[in-house]
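Subject: Structure handover and findings

Hello,

Please find below the structure I said I would pass on. My notes follow it.

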Amino acid sequence: MMRDTVMVVGAGIAGIQAALDLSSAGSKVVLVEREPSIGGKMAALDKNFPTLDCSICIEAPKMSEVINNSNIEILTLAEVVKVEGQAGSFNVAIRQKPRYVTSECTRCDECVLACPQILKNEFDVGMAVRKAIYTPFEQAEPGAYAIDIENCLNEPPNYLPCHRCLEVCQPNCIDFNMTEKGLTRNVAAIVAATGFDLLDATLLPEYGYGKHPDILTSLELERLLQASGPSKGEIVRPSDGTPPENLLFVLCVGSRDRRFCKYCSRVCCMYSIKEALQAVDHGIKNVTVLYMDIRAYGKGFDEFYSRSRREGVRYIRGKPAKITGDGKTIRVRFENTEEGQIEEKNFDMVVLAPAIIPSRGLDSLVDVLGVDLDEDGFIKATEIGGDLIATTREGIYACGCNTGPKDIPDSVTEAGGAAAYSLNYVTTRTWPEELDVEIIDTTGPPRIGVFLCDCGSNIAGVVNVPEVLEYTRNLDGVAHAERVRFACAANTQELIGRTIKEKKLNRLVVAACSPKTHGPTFQRVASRAGLNPYLFEMSNVRNQGSWVHKKYPKEATQKSKDLVRMSVEKAKRLKALATVKVPVVQRALVVGGGIAGITAAANLAKQGFETHLVERNIELGGTLLQLTEIAPSGLSARQLVQMKEREMRDAGVHVHSETTVETVSGFVGNFNVHLTDGNTLDVGSIVLATGATPYQATEFGYGDDPRVITSLDLEKRIGELKGDRVTFVACVGSRNDKRGCSRFCCQTMLSQAIKLRERGNRVRVLYKDIRAFTRFAEEMYEDAARKGVQFFQFNQDASPEKAVVYEMGQVMLHDELSGLDVTVPTDLLVLNIGISPEHENTVAQQLRVSRDSEGFLLESHPKLGPVEAAVQGVFLAGTSQGPKDVRESVSQALAASAKASRILSRAEIEQEPLAAVVDYDKCTFCARCIPVCPYSAIRGEVRKSLEIVQAMCMGCGGCAAECAVDAIEMPGFTDGQVLAQIDAATAENPHEKVIVFACNWCSYAGADQAGISKIQYPPSSRIIRTMCSARISQKLVFYALGKGAGAVLVTGCHPGDCHYINANLNTQRRFERWRKTVEMRGIDPRRLQLWWVSAAEGKRFAEKVAEMDELIQRLPKTEVENTATKLAPFITRRAS
Amino acid sequence: MTTVSINDELWDRINQAVAPMTLCYQCGVCTAICPLSGTGKSPSVRKLLRSAQTGLVASSSEAWLCTTCKLCEFTCPRGVPIVDVLHALRTVGFSERKVPPRLEEVLWKIYESGNPWGEPKKTRAKWTEGLGVKEALDGVDVLLYTGCASSYDARLQSIAKAVASILKAAGVNFGVLKTQEKCCGDAVYQSGEDAYLEELVTENIDTIRKTNASVVVSISPHCFNIFKTLYPKYGADFRAVHYTQLLADLLDSGKIKLAQPFETAVTYHDPCYLSRYHGIQEEPRKLLESIKGVKLLEMANSGDNTLCCGGGGGRMFQEDAGERLSNIRIREASETGAHVLATSCPYCIQNFEDGAKTEGKNMQVSDVAELIAASMRGG
């Protein structure tokens, strides 16, 4: 058997990430999902904390990456039923239920309208309905629709066949003859990523869930918040559809509760804070959160918590004793433990945060897999290697919430870790083969083929397609135009390919739906026919036309003509592009020899890559050398380091100790490194595991008073302590205006407190919140309490030095919980310290890896890119990226290794040919473009040199917009192409048009969402898509105005959501300048606007376009006519 | 505000008695769920726990407000034995002479007369007159432990009579200690006086041993509880049962024969010391439902969630400051539409009869044993 495949069970975000990491490192993947769609719980969430990213918007690109990867086999509606063999060769039996809908489905939705069965929609937690044939959610993949056969009327015992869906399905893609399939696959390793469920809140009758409609779970609120959810994004009471005025969030519903789940569910504090903040944003007057400890442990979490308080969310420490609903009001009785007062308050909506529990069926799956469960029913992690990924069976790994509650970045990091472990068993690496077809010569004059899709009645029901066809045939450059029923249907795809060959077409335009969902499909059609896939353009006449202008068929037809003409004009100017291939040095460098560095290096070497590890000290092990025991696993720190080091040396890692990196230059695949030991290395990828330093305490007379020590000092001297009474002070140097939570210190403190208590000491802990969030940490908290450690809470908003006084062997503080000023006799004061970022980090600086506001290395995305630096080929592991415990450091190191592997495992890497290109005939070397590049991909010196490193450029186009002399070209989005689109859009009645520039990731997707949600708006908009709003230059904007367009609307992602780090801040800066110019030239400034739209905000998009439409309707004719003259000095060039 | 120093000695003392008190994470559910919290005069349970767990034992008689109903323990997310912690605080308070004066009186009365009301010892068995109840010291299989309330209170004696007549009819070889019977010690325990408690319990164990009875059946759930949980610690080897358990067994084995139907709606109040302390919820209901014609209705709070009558924890001997729990319970009972409120605890009966009067509800308050005995007589 070839060891070339890994199975991933569960296709939520963790499973998806594992599949992507595996496949891009050359492993084939079988991705097994029991639901009809991949995506998991993340797809159901509205926004993520603390970034407020639209959840599905950032997940959907990952989903489509999985779908379009031919090395990933997706089996939905499937379950693993048997596993035989051992690590390296498992034979897995899978049972797959029939879907009853073939891959020919065009997603026209006619079947759903026809289906008579009305059922609860599980995705909306039962708050909305679905039919027996349904799509769980709009972005569902693969294949949107499936039939829930148990509820279908065609299934016995329903003996009267219904067949309504069959009758309306024009592409004939419903097949009731499909049967259950038994499949077998041989795989080298298995990754379990089966996710979680929420505790059934009815188990806590005192909280009234299920007895009053306005008592909801957090997941139900997420669905209400989502624009595409059952209430279209409004927070309304299910009882009567009106918004609540008094909203209460209840934390720890079944978590930290012996009666249900004794562990902490880890994410509820943060998502509830997020939901509370959203509620405030929705205009809800009184938003209250009842909490016990706020566990805001991650990067930026504390700041997010503070923000919610600033914006008016009220936090009360307490827990409801009883929640009773009566008519409209919900009465909640609790003790405000800060005031010591019983309160009985009325709310009109209550949101519960139920505990995270193992997903349904995990107990039977583990039997099949042959792995153990832990006492809470999660998959048991052996933790021998310091991580929660390795299970009790070799070759089977776990990631995400099936080993315990976790948030998204921790889950995707573990997914990478599970991929790294699995890759150790993959001996044959393969990638999708390139197609062997005759390549069409595209150098001659354009011969454009246009295919106009009816999409059943979706388009043809509103747009007069024959009229558009007639119009298209007469357009310059069009060699063939044809109307098709369903462009994406398999047979039509074949037809298009055949036509390209037969008619010798050298450009392809498909007027149908969104390039975001269907672009890759037609690009593949072109490729298979031998046509360069970049010679393809799409007109989105469905999402931007028929679906949103139902009442204006004439205008929708006119708009469709414009959209086709815009595509044709752009297509004429498209150039064949070849994916860029960058050679790779298949050698890795790991900087830093702490636990993270050792782990990453060992794994890379085991995968077969030459790996170098650089450590500045003699001894490897980093901070762990200063610890005795790791909490809460109880592993010996030294033994772990020794074991890992042995493993690493056995794998053949070249260790450079007492060495640092002197200089590093280059880019992905080709970094050049000089070490202080005299060695020079060329490496393809770099893992930065440079660690952090313990906080240097100065508080409480530390350094002068021998009775004051830090937790790190204590760790070394715990066996030889003098003095009976030990008092810990938490959060020394953490949780202040400079630093957030240090994340691991509470668990360290609890472990030390337990040890001292077991020795017979009197132990007191002074704290703000006990953040025992990691697996088994809450249990440690409970154990410490059981053993008699005494806990005192001091003021959350004060620094420990302000809240706690230490003098003459006494500690004094105001105990928030008894309301008393308390004196605690203290022989030894232990300052519980966290970590600080390294002051200097030359490697990171030279690599241009940015730092976050606290000084830790900045990841590419806080949710989905916690391991990648924004610089390609550079990965982050351990505390260099932020405070972490050993588990998290090890899992991130493994993930970094998996990501490095995707680069190192191939001799060259391919990149989309979207990188900016410099025209040196025009470049004046002014270097203005250098600072606007978010990736530092532009290098040079003023008036001397300039170079855009192709491998580092991500293609946002910010530089092209910045360039005053048009010396930078963005392939696929050149000035010539965009100007031609503007020309086409403004060819007729320009004053009646609004030119909308939309970015590929958010605002274009937002427009798509308006279409999907069938939100109606006036037909005056003409959307031009670019990768990022930063691509939009003054030239393009003024050209459009000068051509007589009624108005121009520039749209992009919300600041902070930008897919190119922060490129859209350039848009904002430029926009302010344009707007001033426009104003100064006497042009109505309302005609040029900037508007942020997220991918979920279809409504927001539609509302803005409607507003712009109203504006152009009222513009005086002269206003528009005079624009060209007024802007004449700025309109420099016409479309070529 | 004055500064308080934490007191290690005191803390050690409480921690030795009830170690898991330190588990509390101060969520305050106990304070808010406490039935007294609705009455205007309530202990801050959380703060009492706080003072115990920090060794900041504040001088307060609040610990004696508790009726020991244990509702808080059933909702405590950390599983803290709250009532035991409060008891530990009472013992500390007792040694500091913080015990409420009424309880101090009760202690003296028990010491002098063997019952909390200071009734004469010799009239203790007056209720047995004419019933032909055996003298237990003559040797019996089953000792019926009457308890002070049912021995002396004219209204409550009827329960004792009912139980005795049922046992007799069922052919049980049982007897009563008569004048040799003494307080079981519950009231002593609740005061926080541990030294005298030990003396009393040891004496009672000796007396009971002399009867040769292997089973002690109590009328009061409070006697039953202390027999079952505390007496074994002092060497008791008898089996403690509540009369509803014994009667349910007799019913099962066909030894109780009911004849007279009772066409009425009855609601059953779970005494805390039966339902929450010992999970005895089915037996009394089974007995009630065995009476033909009885329609059993449930109150909003029953079983584990039963609402205390206000009589436990030594509260029976003290005045209530705020609204009485029994009044609240009477209203709940009346909301079911039942005409009879049945229960199986003398304290509850007494409190509810008072409550029915003050609430002006025409509600018959009966003990399960009384209803069963009536139904048997009818045959």
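R775(A) touches Y263(A), R266(A), D374(A), D376(A), F378(A), L388(A), T403(A), G404(A), P632(A) and R887(A), where touching, or contact, means heavy atoms within 4.5 Å and residues up to four places away in sequence are not counted. The side chain of R775(A) also makes a polar contact of 2.8 Å with the side chain of D376(A). A polar contact here is a pair of N or O atoms within 3.5 Å; within protein, one must be able to donate a hydrogen and the other to accept it, and residues adjacent in sequence count only if both atoms are side-chain atoms. R775(A) sits in the loop between β38 (762–767) and α20 (777–786) of chain A. Helices (H or I, at least four residues) and strands (E, at least two) are DSSP runs, numbered from the N terminus. R775(A) counts as buried because its relative accessible area is 5%; buried means under 20%, exposed over 50%, and partly exposed in between, with a 1.4 Å probe and protein chains only.

Before the rest, some conventions: this is a predicted model, in which local features need pLDDT of at least 70 and side-chain atom pairs count only at pLDDT 80 or more, while totals for chains, interfaces and linings use all residues. Residues are numbered from 1 along each chain as its sequence is written, chains are lettered from A and ligands numbered from 1 in the order in which they are written, and side-chain values use heavy atoms, with hydrogens and water left out.

Two other buried sites

S23(A) belongs to helix α1 (residues 13–24) of chain A. Its relative accessible area is 3%, so S23(A) is buried. The side chains of S23(A) and N69(A) are joined by a polar contact of 3.1 Å. Beyond its neighbours within four places in sequence, S23(A) is in contact with V29(A), N69(A), I72(A) and W431(A).

G740(A) is in the loop between β37 (725–732) and α19 (745–758) of chain A. G740(A) counts as buried because its relative accessibility is 11%. Residues up to four places away aside, G740(A) touches D302(A), S734(A), R735(A) and E854(A).

Backbone points to check by eye

Most residues other than glycine have a negative phi, and most peptide bonds are trans. The peptide bond from F49(A) to P50(A) is cis, with omega near -15°. P50(A) is in the loop between β2 (28–32) and α2 (55–67). A631(A) and P632(A) are also joined by a cis peptide bond, with omega about -5°. P632(A), which lies in the loop between β29 (610–614) and α17 (637–650), is one of the residues that R775(A) touches.

K504(A) is not a glycine, yet its phi is positive, near 50°. K504(A) is in the loop between α12 (490–502) and β25 (507–511), and is exposed, with a relative accessible area of 61%. I1061(A), also not a glycine, has a positive phi of about 60°. I1061(A) is in the loop between β55 (1047–1052) and α29 (1064–1080) and is partly exposed at 29% relative accessible area.

Chain A has 32 helices and 56 strands. The C-alpha atoms of chain A fill a box of roughly 95 × 75 × 70 Å along the principal axes. Of the 1136 residues in chain A, 63% are buried. Among contacts in chain A with a separation of 6 or more, 73% are between residues 24 or more positions apart.

Chain B has 17 helices and ten strands. For its 379 residues a compact globule would have a radius of gyration near 21 Å, and chain B agrees at 21 Å. The C-alpha trace of chain B spans about 70 × 45 × 30 Å along its principal axes. Buried residues make up 63% of chain B.

Regards

Notes: Rg over C-alpha atoms; globule rule 2.2 N^0.38 Å.
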